[in-house]
Amino acid sequence: YFQNGEATLALKGVSLVDQAPCAVVGFDSGECSLHMVIEPMPNMKVTTDGASHYWGDLYVDLETNWPRKAVLREIVVTQTTLPGPANVVHAVHERETEIRMVNQEEFAED
(Lines give C-alpha, C1' and ligand atoms only; values in the text may rest on other atoms or scores of the structure.)
Protein backbone atom coordinates (compact mmCIF):
# COMPACT_ATOMS: atom_id res chain seq x y z
CA TYR A 1 0.00 0.00 0.00
CA PHE A 2 1.40 3.42 -0.97
CA GLN A 3 -0.47 6.68 -0.43
CA ASN A 4 0.73 9.90 -2.04
CA GLY A 5 0.52 13.08 -0.04
CA GLU A 6 -0.87 16.34 -1.35
CA ALA A 7 1.01 16.69 -4.64
CA THR A 8 1.87 20.16 -5.88
CA LEU A 9 3.21 21.64 -9.13
CA ALA A 10 4.86 25.03 -9.55
CA LEU A 11 6.14 26.85 -12.61
CA LYS A 12 9.68 27.84 -11.65
CA GLY A 13 10.78 29.60 -14.83
CA VAL A 14 12.51 28.93 -18.14
CA SER A 15 15.82 27.18 -18.77
CA LEU A 16 17.80 25.74 -21.68
CA VAL A 17 18.26 22.00 -22.16
CA ASP A 18 20.37 21.06 -25.20
CA GLN A 19 19.89 24.64 -26.49
CA ALA A 20 16.10 24.26 -26.38
CA PRO A 21 14.07 26.66 -24.20
CA CYS A 22 12.13 24.69 -21.59
CA ALA A 23 9.57 25.49 -18.92
CA VAL A 24 10.85 24.30 -15.54
CA VAL A 25 7.99 22.74 -13.58
CA GLY A 26 8.69 21.73 -9.99
CA PHE A 27 6.75 18.89 -8.41
CA ASP A 28 6.44 17.72 -4.81
CA SER A 29 4.67 14.60 -3.56
CA GLY A 30 3.84 15.88 -0.12
CA GLU A 31 4.13 13.45 2.78
CA CYS A 32 3.54 9.89 1.48
CA SER A 33 2.99 6.77 3.55
CA LEU A 34 3.60 3.09 2.87
CA HIS A 35 2.61 -0.21 4.46
CA MET A 36 3.80 -3.55 3.14
CA VAL A 37 3.23 -7.08 4.44
CA ILE A 38 5.05 -10.01 2.88
CA GLU A 39 5.18 -13.69 3.73
CA PRO A 40 8.57 -14.95 2.46
CA MET A 41 7.78 -18.44 3.73
CA PRO A 42 4.76 -20.09 5.36
CA ASN A 43 3.99 -18.74 8.84
CA MET A 44 6.61 -15.96 8.56
CA LYS A 45 5.20 -12.43 8.26
CA VAL A 46 7.39 -9.37 7.64
CA THR A 47 5.78 -5.94 7.99
CA THR A 48 7.24 -2.65 6.76
CA ASP A 49 5.79 0.77 7.57
CA GLY A 50 7.26 4.06 6.53
CA ALA A 51 7.13 7.40 4.83
CA SER A 52 8.37 8.77 1.53
CA HIS A 53 8.89 12.25 0.18
CA TYR A 54 9.85 12.89 -3.43
CA TRP A 55 10.27 16.09 -5.39
CA GLY A 56 12.03 17.37 -8.48
CA ASP A 57 11.85 19.30 -11.72
CA LEU A 58 10.45 18.61 -15.18
CA TYR A 59 11.98 20.47 -18.13
CA VAL A 60 9.29 20.74 -20.83
CA ASP A 61 10.34 21.87 -24.33
CA LEU A 62 8.37 25.04 -25.13
CA GLU A 63 8.25 24.24 -28.85
CA THR A 64 7.22 20.56 -28.77
CA ASN A 65 5.69 20.24 -25.25
CA TRP A 66 7.78 17.08 -24.80
CA PRO A 67 9.75 16.65 -21.59
CA ARG A 68 13.47 16.98 -22.34
CA LYS A 69 14.66 16.18 -18.84
CA ALA A 70 13.32 15.17 -15.44
CA VAL A 71 15.10 15.09 -12.08
CA LEU A 72 13.61 13.18 -9.12
CA ARG A 73 14.89 13.15 -5.55
CA GLU A 74 13.40 10.90 -2.87
CA ILE A 75 13.87 10.06 0.79
CA VAL A 76 12.24 6.90 2.20
CA VAL A 77 12.24 6.10 5.93
CA THR A 78 11.07 2.63 6.98
CA GLN A 79 10.65 0.39 9.99
CA THR A 80 10.55 -3.34 9.27
CA THR A 81 9.31 -5.82 11.86
CA LEU A 82 10.61 -9.39 11.58
CA PRO A 83 9.66 -12.43 13.63
CA GLY A 84 11.95 -13.27 16.56
CA PRO A 85 14.11 -11.31 19.01
CA ALA A 86 15.77 -8.03 17.97
CA ASN A 87 13.11 -7.88 15.32
CA VAL A 88 12.94 -4.20 14.30
CA VAL A 89 15.07 -2.76 11.51
CA HIS A 90 15.13 0.96 10.68
CA ALA A 91 16.32 2.22 7.31
CA VAL A 92 16.72 5.49 5.43
CA HIS A 93 17.14 5.47 1.64
CA GLU A 94 17.95 8.51 -0.47
CA ARG A 95 17.96 8.46 -4.24
CA GLU A 96 18.30 10.82 -7.15
CA THR A 97 17.24 9.90 -10.67
CA GLU A 98 17.71 11.89 -13.86
CA ILE A 99 15.93 11.06 -17.09
CA ARG A 100 16.78 12.88 -20.29
CA MET A 101 15.66 12.82 -23.88
CA VAL A 102 18.12 11.14 -26.24
CA ASN A 103 18.42 11.72 -29.97
CA GLN A 104 18.13 8.97 -32.58
CA GLU A 105 21.92 8.53 -32.86
CA GLU A 106 22.35 8.11 -29.09
CA PHE A 107 19.47 5.63 -29.01
CA ALA A 108 21.00 3.57 -31.85
CA GLU A 109 24.37 3.38 -30.02
CA ASP A 110 22.84 1.42 -27.16
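**Close-up views of a predicted model**

View 1. Glu96 is part of strand β7, residues 88-100; strands (E, at least two residues) and helices (H or I, at least four) are DSSP runs, numbered from the N terminus. This is a predicted model in which local features need pLDDT of at least 70 and side-chain atom pairs count only at pLDDT 80 or more, while totals for chains, interfaces and linings use all residues. Residues are numbered from 1 along each chain as its sequence is written, and side-chain values use heavy atoms, with hydrogens and water left out. Glu96 counts as exposed because its relative accessibility is 56% (exposed is over 50% relative accessible area, buried under 20%, partly exposed in between; 1.4 Å probe, protein chains only). Setting aside neighbours within four places in sequence, Glu96 contacts Val71, Leu72 and Arg73 (contact: heavy atoms within 4.5 Å). Val71 is 25 residues from Glu96 along the chain, and their C-alpha atoms are 7.3 Å apart.

**View 2. The largest nonpolar core.** Five residues form this core: Val17, Cys22, Val24, Tyr59 and Val71. A nonpolar core is a set of buried Ala, Val, Leu, Ile, Met, Phe, Trp, Tyr and Cys residues joined through side-chain atoms within 4.5 Å. Not counting residues up to four places away in sequence, Cys22 touches several residues, including Val17, Tyr59 and Arg68.

**View 3. The loop between β2 and β3.** Asp18 sits in the loop between β2 (8-17) and β3 (20-28), and Gln19 is found in the loop between β2 and β3. Asp18, not a glycine, has a positive phi near 50 degrees. Gln19 is not a glycine either, and its phi is positive at about 70 degrees. Asp18 is exposed, with a relative accessible area of 57%, and Gln19 counts as exposed at 69% relative accessibility.
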